[in-house]
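Trainee: Could you take me through a model that is new to me, feature by feature, with the general idea before the particular case?

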Amino acid sequence: MKENKDKTKETVSVNFYLDTRRKKDNGFFPVKIRVYDATIKKARLYSTDFDLTEKDFKRILFPELGQRFKNDEKEIKEDLESILKLYKKKIDSINSFTFEALEDSLSVKSGELIDSFYQYRELMNELKQQDRISTASSYELSMKALKNFIKDKKGKEPKKLLFQEITIKFLEDFENWMIKKSGKTSTTVGIYLRGLRVIFNRAIDSKAIDKEIYPFGAKKFEIPASTKVKKSFDNIQLATLFNAIPKTPEQQKAKDFWFFSFVCNGMNLKDILYLRWENIQDGQIIFYREKTKRTKKGNLKPIQVPLTEFANTFLETYGTNEKEKKGLIFPILNDDISAEKAHAKKMNFIRFVNQHLKKLAKDNGLTEDISSYYARHSFATTAIRKKASMEYVSEALGHADLKTTNNYFAGFEDKTKKEMMHEITDFMR
């Protein structure tokens, strides 16, 4: 049986093929994979998304003895050879070869489904229909980065990126390009590649591609897992900012929203903008984080925030006069606009707060790195410094469990962690 199988494989050959029937405007031709079955004397061509001139095709894929390659030629050669290797591997795994069996194995029946850019667009459309505009924007940035990388490499923006082209080397080159040429951090690279990983998993789950071409994981490509250091203010810095005298009404508003976030358990600005008057009950704010409304439907826990004197004064100053139960407290968003416009208004307001807060901080000798997130981080670290239990902080932040809270604190800068430990162990001194 093995002899027949091996004999059958000898009749199938796989090679590179330059499709000179389709010359493009720039003088390039599509590079394809040619599979020939000698038993039926037929061949089929499969796209690779690479284009070359006739001269470069011969030079890169059929080099002369001792020929030296340029860096870009070497990369093209390695990428194409990895695709050829995949086809050969698939053919070897088929007991009785047919083109249909090969195409089933490679899932190349639908050109759209094996195009990662198509899968990106499909997911982004789904997210927008769910009004998850911010998440959709994140995937759009991921796809745009991949397009820019390929454009810089090939000299033109790609229309598609086939999954089989996304090899371990492709990902390594992308990471290096992002850091060395685009000046991005490992954190940003990680965010973009986690988006691509989601796209890969969706394609595998829908059986659009074979899981064997999955390039992520142990002994493959591991996505950078660096975490952005969380920074916070200590009591002296908080007092300095609270007592700072704003120079403009805009600085006053930015400062007030920042401290409202702080006294409301570090509530982020998005949750603040979506607060409704019905969230205020019996001297406290009871709300669900927008971030977890979709992801933890079966385990939603409300966050309860006692209203301080500052918070009550803030609500009177910046809240709407109508105070309708279902109405939004702050007149920054409204229910009549689309999700896209609401997202744009939210982002503009966050930029407004951060921009004027930085000016106020600088004028008072504080770091210009301050942002709305400092309020959340500062609340958490202040609570621990004041002897609050980790369970209390976990509940106040709206974390699902203590593990999340522990991971949250692991991201703080060393100075902050050292100060917290000093406070926690003061009974030993």
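This is a predicted model: local features need pLDDT of at least 70, side-chain atom pairs count only at pLDDT 80 or more; totals for chains, interfaces and linings use all residues.

Trainee: Where does Ser261 lie, and does Ser261 count as buried or exposed?

Mentor: Ser261 lies in helix α10, and because its relative accessibility is 3%, Ser261 counts as buried, the cut-off for that word being under 20%. In the protein as a whole, buried residues make up 44% of the 429 residues.

Trainee: How many helices and strands does the protein have?

Mentor: The protein has 17 helices and six strands. Among contacts between residues at least 6 apart in sequence, 60% join residues at least 24 apart.

Trainee: Which residues of helix α12 are buried, and how should I read such a pattern?

Mentor: The general idea is that an α-helix has 3.6 residues a turn, so residues three or four places apart point the same way. In α12, which spans residues 309-318, the buried residues are Ala311, Phe314, Leu315 and Tyr318. Seen down the axis of α12, these buried residues fall within an arc of 100°, so they line one face of the helix. The face turned away from that buried side carries the exposed residues Glu309, Glu316 and Thr317, while the cover over the buried residues of α12 includes α10 (249-263) and β4 (280-281). Helix α10 is also the one in which Ser261 lies.

Trainee: Which residues are buried in helix α15?

Mentor: In α15, residues 390-397, they are Val393, Ser394, Ala396 and Leu397. They cover an arc of only 165° around the axis, which puts them on the same side of α15. After α15 comes Gly398, whose phi is positive, near 85°.

Trainee: What is the order of the strands in the open sheet of three strands?

Mentor: In general, strands of a sheet pair through backbone hydrogen bonds, either parallel or antiparallel. Here the order is β4-β5-β6, and the pairing is antiparallel. β4 and β6 (303-306) stand at the edges with a single partner strand each, so one side of each is left without a neighbour in the sheet. Four bridges join β5 (residues 284-287) to β6, and Phe287 stands opposite Ile303 in β6.

Trainee: How much space lies in the second largest pocket, and which residues are closest to its centre?

Mentor: About 680 Å³ of space lies in the second largest pocket; 28 residues line this pocket, and Asp49, Phe50, Asp51, Lys154 and Lys156 are the closest to its centre. The largest share of the lining, six residues, comes from β3, and by class the lining has nine nonpolar, three polar and 16 charged residues.

Trainee: Which residues line the largest cavity?

Mentor: A cavity differs from an open pocket in that a probe fits inside but cannot get out, and the count here comes to three cavities of 30 Å³ or more. The largest cavity, with about 80 Å³ of space, is lined by Asp49, Phe50, Asp79, Ile150, Lys153, Lys154, Leu161, Glu165 and Phe170. The elements that give two or more residues to this lining are β3 and α6, and the largest share, three residues, comes from α6. By class, the lining of the largest cavity divides into four nonpolar, no polar and five charged residues.

How values were computed. Residues are numbered from 1 along each chain as its sequence is written. Side-chain values use heavy atoms; hydrogens and water are left out. Buried means under 20% relative accessible area, exposed over 50%, partly exposed in between (1.4 Å probe, protein chains only). The arc is that of the directions from the helix axis to the C-beta atoms. Contact means heavy atoms within 4.5 Å. On a 1 Å grid over the protein atoms alone, a cavity is a set of points where a 1.4 Å probe fits but cannot get out, and a pocket is an open set with protein on both sides within 12 Å along at least five of seven lines; lining residues have an atom within 4 Å of a point. Grid points are joined across faces, edges and corners, and a volume is the space filled by probe spheres set on the points. Ala, Val, Leu, Ile, Met, Phe, Trp, Tyr, Cys and Pro count as nonpolar, Asp, Glu, Lys and Arg as charged, and the others, Gly among them, as polar. Two strands pair if DSSP finds at least two bridges between them.
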